[in-house]
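Here is a short briefing to read alongside the model.

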Amino acid sequence: MSKIHAAITAVNGYVPDYILTNQELETMVDTNDEWITSRTGIKERRIQKGEGLATSDMAVPAVEGLLKKRGISAEEIDLIIFCTSTPDMPFPATANILADKIGAVNAWGYDLQAACSGFIFGLSTGAQFIESGKHKKVLVVGGDKMSSIINYEDRTTCIIFGDGCGCALLEPNDEGLGIIDSILKSDGAGKNFLNLKAGGSLKPASYETIDNKEHYAYQEGQTVFKFAVTNMANVAAEIMEKNNLTSDDIAWLVPHQANKRIIDATANRMGVGPEKVMINIEKYGNTTNGTIALCLWEWESKLKKGDNVILAAFGGGFTWGSVYLKWAYNA
C-alpha cells in the first residue's frame, strides 16, 4: 500500500487594490526609492483600506477563488489552519471567523502564530492530518494586514511590510506527490529583536503602551538580517542534503519575501540560479504569512506535476524552516 502524502491541489491569493509606492513613502518618512530598492528589493506594497476591514476580509476572496478553481464547496473543508500575526481579534480564532464567512460549516479550525514562518508551519501541520487519514481536505491560509501594526513614522519597518493573503488546499495523494519532508526550527532568544511589545498578557493595552507606540511591530534590522541570511539559507540547504537533492533536481525555490538580499543568499547557498526563484517582493513587500502562498498563486501556471519545490522562511521570535514537496498537478 502506497504511503499517503498531503498534496497541494489548489492555490489562490488576494491583494488589496491600494498601492503604496516608494515615492509615496518619501513624503511620509526620511527615505527614498533608491535606498529602499537597493536594500530590500521592494518598489510597492499593497494596503487594505476601508473601515471595518480585517485580515479575514482578504482571506474570503482568496479562499472563494480557490474553491471555485478546485470545483468544491466550502462544506467539504474538514479543517482550516489560519496562519497570521494580525488576527481579526485575539479571540475567537480568525480561522473560525473565516469558516463562518465562507460557509465552511463542517470545518473546525485554529490560528497558527509563527510570524513569517507561519505558512510553512501550517502546511507541515496540516499534512499530519492528511497523512493520518483523519481529514481529506485541509485549508491552509496565510495572511496578514501588516498595515494595522506598522508605524508609518518608523522608516525601519514601514518600508518593508504590506498586506495580502494566500491559501492552499491539502488533499491525500498516493502517487508519491505532495509534502515529502520538512525541517522546522525556533529560538525564543530572538524575542527581543523582532516583536510587538504590547497587547498581550505581559503588557496589556494602557495609555502608557499607546503613548510609547508599543502596539506597532518593532525590528532591530541588522540583527534580524544577519540571523535570517544564515538560518534561512542553511535550512534550505539542509533539507536538500537530507533528501539527496542537487541544485539540478530543484525546479523552484519559493522563499519568504522579506528582503531580496536574503532571498539571493538562500538561492546561492542552494546553488540555484535566479531563473528558478519565485520573487514578487518588488510588488508586495513582506506580507508576512502571505508571501509564500502568494508566490505559489502567481507562479501556479509555471508549476508542473512532479516538480521538486523547496519552500523556505524565516520569522520573528525567531522561527525558520523549510519544506520539500513534489508538485501534484498541472494548472
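Asn-286 sits in the loop that runs between helix H10 (281–284) and helix H11 (291–299). In this predicted model, Asn-286 is buried, because its relative accessibility of 4% falls under the 20% cut-off.

**Asn-286 and its surroundings**
- Leaving aside residues up to four places away in sequence, Asn-286 touches Cys-116, Met-146, Ile-160, Phe-161, Gly-162, His-256, Gln-257, Ala-258 and Thr-291.
- The side chains of Asn-286 and His-256 are joined by a polar contact of 3.5 Å.

**The annotated set**
- The unreviewed UniProt entry lists Cys-116, His-256 and Asn-286 under "active site".
- These three residues span 171 residues in sequence, yet no two of their C-alpha atoms are more than 8.7 Å apart, so they gather at one spot.
- From this set, Cys-116 is part of the lining of the largest pocket.

**His-256**
- You will find His-256 in the loop linking strand E11 (252–255) to helix H9 (260–270).
- With a relative accessible area of 1%, His-256 is buried, because that value is under 20%.
- Beyond residues up to four places away in sequence, the contacts of His-256 include Cys-116 and Asn-286 from the annotated set, and among its other partners are Met-232, Ile-263, Thr-288, Ala-312 and Phe-314.

**Cis peptide bonds**
- Going from Phe-91 to Pro-92, the peptide bond is cis, with omega near 5°.
- Pro-92 belongs to the loop between strand E4 (79–83) and helix H4 (94–102).
- Gly-317 and Phe-318 are also linked by a cis peptide bond, with omega about -5°.
- Phe-318 lies in the loop between strand E12 (308–315) and strand E13 (319–326).

- Lys-213 is a residue other than glycine with a positive phi, near 55°, and its place is the loop between helix H7 (207–211) and strand E10 (218–219).
- Is Lys-213 buried, partly exposed or exposed? Lys-213 is partly exposed, because its relative accessible area of 40% falls between the 20% and 50% limits.
- Asn-244, likewise not a glycine, has a positive phi near 55°, and is located in the loop between helix H8 (221–242) and E11.
- Asn-244 counts as exposed, because its relative accessible area of 69% is over 50%.

Conventions:
Residues are numbered from 1 along each chain as its sequence is written. This is a predicted model: local features need pLDDT of at least 70, side-chain atom pairs count only at pLDDT 80 or more; totals for chains, interfaces and linings use all residues. Side-chain values use heavy atoms; hydrogens and water are left out. UniProt positions are given in the numbering used here, feature names are shortened, and annotations may be inferred rather than shown by experiment. On a 1 Å grid over the protein atoms alone, a cavity is a set of points where a 1.4 Å probe fits but cannot get out, and a pocket is an open set with protein on both sides within 12 Å along at least five of seven lines; lining residues have an atom within 4 Å of a point. Helices (H or I, at least four residues) and strands (E, at least two) are DSSP runs, numbered from the N terminus. Buried means under 20% relative accessible area, exposed over 50%, partly exposed in between (1.4 Å probe, protein chains only). Contact means heavy atoms within 4.5 Å. A polar contact is a pair of N or O atoms within 3.5 Å; within protein, one must be able to donate a hydrogen and the other to accept it, and residues adjacent in sequence count only if both atoms are side-chain atoms.
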